[in-house]
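Hi,

I am passing a structure on to you, and I hope you enjoy looking through it. Please have a look at it first, then read on for what turned up.

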Amino acid sequence: MAGPAAADRIRNPTAVFAGLDKITGRIISFEVAIDETVQFGALQLTPRVCWTRPPTEAPQTTAFTEVDEVTFNNEYRRIFTGWMYAASPGLHGVEHAIYDVWLTDCKGGTELVVDPKEPEPPPPPEEPRRPRNPSRDVNQQPGLPPLEQQPAPSGRIDVQPPQGVPVAPRQAPSQRFFPTNPGGSRGGAPDPAGGGR
């Protein structure tokens, strides 16, 4: 049985986001370079990678993005780290009390990254069926000894911290977009305090 074919990807230097100010109902579009931090309202966005597919493939635009919320006390909290998909902004966007942000496009990419195609392994030989063991616990995983005979787990399991955990800002935003201020470059008004370019 064949699995899904690995498709080629295009690495893009710029991610395009849309932001909604829920108070004014205004939506703006803004571009962010990869590894650049910009501020939209109280949110700071930093895209780490932005992928698209070649025109011959099924369209799929994705970006790995980190989003921090800046509080009134100038504290930073990571509220989102993960993949955003332009095809499903409602499922993979950032929903904030006042500001929503989602990926709309990636652009400027010319570097084609070819994923290596692995040869299909031969199908495994079929094993003869074993008779059922009625004395086995139905909640026990097949092939494992009963729980009382299993060794105690050792080692550490790393998990991501929960959302809303305070973080230290990695870099200051290069641009600030406030949707209540019309005009400005690239879809929003630069911060009058000098945060714009």
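Let's start with Leu-43, which, leaving aside its neighbours within four places in sequence, is in contact (heavy atoms within 4.5 Å) with Val-38, Val-67, Asp-68, Glu-69, Ile-79, Val-94, His-96, Tyr-99 and Val-101. Before going further, please keep in mind that this is a predicted model, in which local features need pLDDT of at least 70 and side-chain atom pairs count only at pLDDT 80 or more, while totals for chains, interfaces and linings use all residues. Residues are numbered from 1 along each chain as its sequence is written, and side-chain values use heavy atoms, with hydrogens and water left out.

Buried means under 20% relative accessible area, exposed over 50%, and partly exposed in between (1.4 Å probe, protein chains only). Strands (E, at least two residues) are DSSP runs, numbered from the N terminus, as are helices (H or I, at least four).

Next, the aromatic rings. How many aromatic pairs does a search of the whole structure find? There are four. Rings of Phe, Tyr and Trp (its six-membered ring) pair if their centres lie within 6.5 Å; planes under 30 degrees apart are stacked, over 60 edge-to-face, and the rest tilted. Phe-40 and Tyr-99 have ring centres 5.4 Å apart and planes at 75 degrees, so this pair is edge-to-face. Phe-40 lies in strand 4 (residues 38–40) and Tyr-99 in strand 9, so the pair ties together parts that are 59 residues apart in sequence. Both Phe-40 and Tyr-99 are buried. Phe-64 and Trp-83 also form an edge-to-face pair, with centres 5.4 Å apart and planes at 70 degrees. This pair links strand 6 (residues 62–70), where Phe-64 lies, to strand 7, where Trp-83 lies, 19 residues apart. Phe-64 is partly exposed at 23% relative accessibility, and Trp-83 is partly exposed at 35%. Ring pairs also link Phe-17, Phe-30, Phe-40 and Tyr-99 into a cluster.

There is a disulfide to look at too (a pair of cysteine sulfur atoms within 2.5 Å). Cys-50 is joined to Cys-106, with an S to S distance of 1.6 Å. The pair links distant parts of the chain, with Cys-50 in strand 5 (residues 43–52) and Cys-106 in strand 9 (residues 99–107), 56 residues apart. The link of Cys-50 and Cys-106 is left-handed, with -70 degrees about the S-S bond. Cys-50 is buried at 0% relative accessible area, and Cys-106 is buried at 6%.

Finally, a look at Glu-31. Glu-31 is in strand 3 (residues 26–33) and counts as partly exposed at 26% relative accessibility. Glu-31 and Asp-105 are 74 residues apart in sequence, and 9.2 Å apart in space, C-alpha to C-alpha.

Happy exploring!
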